[in-house]
Amino acid sequence: MLNIETNRVQRAIEVNLQKEAYFLVWLANSLQNKGEISESTWRRSTIGISSSFPFFAGVYWLDLEHTPQWSAPDNFTPYPENADWNISPSVPLNTIPVLSKLSTSNIQPGVNGKLTIEMLHPVSFDSRVSGYLGASYNIKLMLEAISQEFLRPEQHLILSSDSSTFFGQLPEEHGALINSVDINALNGQWQLTIWQRSSSDQAYFSLPMLIFISGIVVTVLVAMSLYLLEVNIIGRRAESNMVSKLKEEITQRREAEDQLKFTANHDPQTHLPNRFAMEQYLERNLRSDQEMVLMCIALDKFQEVNDMYGHLVADQLLFEAAKRFKTVLPPHAILARITNDHFMIACAGTSQLEAEMQANQLRMCFEEEFYIEDNDILTTCAIGIAYRYDNQLRAEDMLRHADTAANKAKALGNRKVVAYNQTMQEQLNQKKDLERAIRQAINNDELKLHFQPQVDLRTRQIVGVEALVRWESQNGAAISTDIIIKTAEETGLMQRLGHWVVDTALKEFSRMLDERCAPKCIAINVSGHEFQDGYLADYVIRSVNRYDIPASRVQIELTEQVFIENLERNQHILNRLTASGISLAIDDFGTGYSSLAYLKHFPVNTVKIDRGFIKDLPQSKDDLVICQAVVSMANLLQLKVVAEGVETIDQQELLRNIGCNFAQGHYYYPPMSSDALMVVLKEQRAGRLYPAS
Ligand code: C2E
Ligand code: CA
Ligand code: CA
């Protein structure tokens with residue numbers, strides 16, 4: 001008798017719960033798509049919740065500690081009202097499998113006789129959960145509304161579970177009509193009971209009256225059925241719209257996730273696996289005992305290709321190179337692009353002999369030019385091989401070994417294929433130790449400054465001194481100055497070192513001035529790296545003033561590179577220095593651009609011929625021609641020429657013959673401490689010259 005009502009109510013409850021749950025999932029996903037969440041975006045998204053979905057008592061935002069941050073509508077406070085409300089374990093939540101991340105609680109009594117179901121959905125940004133969208137679903141209100149809509153006044157609704165009755169109650173007297181069904185919605189399994197007193201079914205009317213009333217009832221019922229049917233159809237349509245919208249969103253999300261996964265594991269230019277993917281692959285495969293070979297291919301001069309032909313051509317070159325590699329690799333090899341110009345190839349189960357053969361084949365991939373966008377590009381590569389010589393080796397070790405071997409191959413230049421061995425690691429460790437020691441030396445002021453005299457070949461007088469850094473390591477070994485400077489540059493200490501050199505050199509020079517033995521000029525080296533410091537000129541000028549040294553007696557030595565690079569900016573600094581009276585020398589002339597033509601554009605007054613052109617004199621005719629050209633051009637431009645590294649009398653004579661007037665080198669004086677220099681300078685003042693020839 002009560003079947004129809006019971007089924008209608010059952011369906012209404014299930015549909016309502018399902019619909020609202022979908023809505024919460026949809027709302028959480030649309031929040032997630034906003035990229036990040038602030039209180040205002042959250043409020044904007046949840047506005048109107050009570051008008052469109054009246055059975056939601058309210059929605060709230062929980063932070064990662066499950067503390068409510070915001071709630072809507074205004075009159076709603078997450079239950080109970082105290083601030084450290086915690087959804088778990090006070091309300092156990094279960095995730096609904098079909099809605100993936102949505103969790104719902106059982107029906108639970110709330111304040112003011114409310115009956116609620118809590119729903120909670122995580123919201124993630126950048127794959128990390130950043131909070132939860134929660135909702136309190138007022139199931140009592142829903143049951144009242146459904147009762148009113150689907151039941152007659154004498155019919156009553158009871159909702160219960162095995163352990164308790166949530167809504168309504170059974171009649172006390174016997175003989176009532178009762179019908180029960182199960183309700184399975186969200187995570188709940190409840191019982192719906194509809195009952196009605198039997199007396200309400202008794203006939204009070206005569207037959208014609210009954211027929212008349214029945215007629216009216218049937219008509220009303222048909223009209224109502226049609227109406228309900230329509231409502232049902234509209235409801236279903238809305239429901240199916242929402243489901244298809246959700247499905248569409250899920251597909252889009254899956255596509256975005258796939259895309260993200262691809263991006264995280266692949267190199268954007270070549271679409272090959274990246275370093276991360278290679279590391280993962282190695283980690284997986286190193287778990288077994290099989291042999292593993294990792295080769296690292298370092299392209300030579302890739303940056304030059306980039307600069308010369310542009311990014312598009314360079315990218316295409318990588319792509320074409322990868323294509324060639326694939327033609328010589330076995331199908332199970334994994335090819336990845338690790339950095340800008342480094343590829344790696346992992347071959348499981350490959351012997352050392354096979355690996356070396358493969359490496360040579362890979363090397364030969366570059367013997368033929370690449371033809372890209374009308375450009376013939378010929379490049380070479382260096383290959384490093386790492387073997388799994390120890391089962392304890394981890395993925396990162398193999399990657400490092402292959403990389404080290406490739407760098408070694410690159411440095412060797414000629415062999416091009418180098419297998420990793422333990423010595424390389426030891427060399428690297430030594431280098432690291434040295435770097436650490438030099439860093440300490442700079443930090444602890446253990447460095448010294450030596451001075452090498454420059455001599456006027458016509459008078460044999462010391463006319464200048466060049467300040468040169470020296471450091472003796474704790475075990476007494478002298479460390480090459482080039483290495484000290486390079487390390488300082490690489491470890492970010494060059495600016496400090498440079499300031500120390502300027503300061504110490506000028507302090508010592510001022511001591512020489514005080515002792516009345518100072519030469520005409522002190523030359524201080526400044527590297528290109530130091531020159532990038534915009535305050536360098538100010539620092540030098542300030543120090544010159546501090547020690548009260550005439551600026552005209554200070555010279556800064558810079559390599560050709562500094563003059564050429566960063567033209568506009570550097571020229572400004574150079575002009576600042578020369579405007580203050582400090583002179584400039586071009587150091588190591590001939591090793592860089594070697595263009596004499598640009599000399600006239602810069603405010604230089606000295607050119608120092610690099611030692612490389614002096615050391616083979618007088619035998620090397622080529623070097624002689626170069627020296628002659630530099631000297632005559634410099635004389636034409638009225639520049640002073642200093643020959644560096646003069647070690648023999650023959651070299652001196654030759655230089656003098658071609659018109660070079662100044663020299664510096666071991667033939668005259670090696671670099672020496674300031675005290676030793678002062679002794680020499682004082683001897684010079686007393687008229688004793690060295691060497692005597
Ligand atoms: P450089 O400026 O070309 O300095 C001349 C180098 O040649 C010095 O090497 C000097 O000891 C060496 N030398 C001089 N005469 C002879 C010779 O007759 N025979 C030989 N074989 N060598 C000679 P050092 O002191 O090792 O310095 C190397 C480089 O380190 C310098 O080359 C310079 O570029 C850099 N350097 C030295 N001190 C400083 C500094 O205080 N600041 C900066 N930025 N660089 C410095
Ligand atoms: Ca120099
Ligand atoms: Ca030099």
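In this predicted model, the donor residues of the calcium ion (ligand 3) follow the sequence spacing D-D-x55-E. The ion is coordinated by Asp587 (OD), Asp588 (OD), Glu644 (OE) and Glu644 (OE), at 2.1 to 2.5 Å. Donors are N, O and S atoms within 2.8 Å of the metal, or 3.2 Å for Na, K and Ca; water is not among the atoms, so sites may look incomplete. Asp587 lies in strand 23 (residues 583-589), and Glu644 in the loop between strand 25 (640-643) and helix 19 (649-657), so that the pair, 57 residues apart, links distant parts of the chain. Helices (H or I, at least four residues) and strands (E, at least two) are DSSP runs, numbered from the N terminus. A separation of 4.0 Å is found between the calcium ion (ligand 3) and the calcium ion (ligand 2), and Asp587 coordinates both. Asp587 and Glu644 are both buried, where buried means under 20% relative accessible area, exposed over 50%, and partly exposed in between (1.4 Å probe, protein chains only).

Residues are numbered from 1 along each chain as its sequence is written, while chains are lettered from A and ligands numbered from 1 in the order in which they are written. In this predicted model local features need pLDDT of at least 70, side-chain atom pairs count only at pLDDT 80 or more, and totals for chains, interfaces and linings use all residues; side-chain values use heavy atoms, with hydrogens and water left out.

The protein is divided into domain 1 (2-196), domain 2 (207-265), domain 3 (275-420) and domain 4 (435-441 + 448-686), with bounds that come from an automatic or database domain assignment. Between the C-alpha centres of domain 1 and domain 4 the distance is 83 Å.

Strand 6 (residues 115-125) is mostly covered, with 11 of its 11 residues buried. On one side these are Leu115, Ile117, Met119, His121, Val123 and Phe125, and on the other Thr116, Glu118, Leu120, Pro122 and Ser124. In a regular strand the side chains alternate between the two faces of the sheet. Strand 6 pairs with strand 7 (residues 128-138) in the antiparallel sense over 10 bridges; two strands pair if DSSP finds at least two bridges between them. His121 stands opposite Leu133 in strand 7. These two strands form a hairpin with 2 residues between them, and Asp126 in the turn has a positive phi of about 50°. Strand 5 (residues 108-109) also pairs with strand 6 in the antiparallel sense, over 2 bridges, and Pro109 stands opposite Leu115. The hairpin of strand 5 and strand 6 has 5 residues between the strands, including Asn112 with a positive phi of about 55°. Strand 4 (residues 103-105) pairs antiparallel with strand 6 over 2 bridges, Thr104 having Met119 as its bridge partner.

An open sheet of 4 strands has the order 9-8-11-10, with antiparallel pairing. Strand 9 (165-167) and strand 10 (177-185) are the edge strands, each pairing on one side only. Strand 8 (residues 155-160) is joined to strand 11 (residues 188-196) by 6 bridges, and His156 has Trp195 as its bridge partner.

The count of disulfides is 0, a disulfide being a pair of cysteine sulfur atoms within 2.5 Å. For Cys296, the nearest cysteine sulfur is that of Cys381, 9.9 Å away. Cys296 counts as buried, at 0% relative accessibility. The closest cysteine sulfur to that of Cys381 is in Cys365, at 8.0 Å, too far for a bond.
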